[in-house]
Amino acid sequence: MKLRYRIGFFAGIFLIVCMIGIGYQLSYKYALERQQAKAVLPQQSTQSITTKGEATKNEGYYLCELHGYVVVYLYDKKTIFEVTDIPLTDLPEELQGEIQDGKYIETEDALYGFLENYSS
């Protein structure tokens, strides 16, 4: 008889814990959906917002030499944008000199055009 009470007691505790867990999950999902709805709402607004400062375009790329290969840096000449497998020695001498000095390329289309022309 005592075994039935113990099984019933533990079954009741298990059901209560399950109900609390399910309630927590439902409230968490509800709160997450509300937060996402609030984040989306301002983006749908058609109001104009002004700020101080200037918008800048992509400021170009620099082709440089690193360990004998052509490497593409962002405009700051510090951040590597792409490492290529183009050996510097495979390029014409005039172009080698430009790349060793840091050849500037303004647009991404021009950059990929150059890379397609000189990659093997």
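**A tour of the sheet and its core**

Strands (E, at least two residues) and helices (H or I, at least four) are DSSP runs, numbered from the N terminus. This is a predicted model, in which local features need pLDDT of at least 70 and side-chain atom pairs count only at pLDDT 80 or more, while totals for chains, interfaces and linings use all residues. Residues are numbered from 1 along each chain as its sequence is written, and side-chain values use heavy atoms, with hydrogens and water left out.

Next, display residues 69-74, which form strand 2; this strand pairs with strand 3 in the antiparallel sense over four bridges. Pairing requires at least two bridges found by DSSP between two strands.

Helix 3, residues 108-118, comes next: this helix packs on the sheet and touches strand 1, strand 2, strand 3 and strand 4. Contact here means heavy atoms within 4.5 Å.

Now show the whole sheet, an open one of four strands in the order 3-2-1-4 with antiparallel pairing. Strand 3 (80-87) and strand 4 (103-105) are at the edges with a single partner strand each, so one side of each has no neighbour in the sheet.

Select Leu111 next. Apart from neighbours within four places in sequence, Leu111 is in contact with Tyr61, Leu63, Val72, Phe81 and Ile105.

Finish with the largest nonpolar core, which has 13 residues; Leu63, Val70, Leu91, Ile99, Leu111 and Phe114 have the most contacts inside it. Such a core is a set of buried Ala, Val, Leu, Ile, Met, Phe, Trp, Tyr and Cys residues joined through side-chain atoms within 4.5 Å, where buried means under 20% relative accessible area (1.4 Å probe, protein chains only). Helix 3 supplies the largest share of this core, three residues.

Key: Axes fitted to C-alpha atoms, helices over the stretch in contact; angles between N-to-C directions. Buried < 20%, exposed > 50% of the residue type's maximum accessible area, 1.4 Å probe, protein only.
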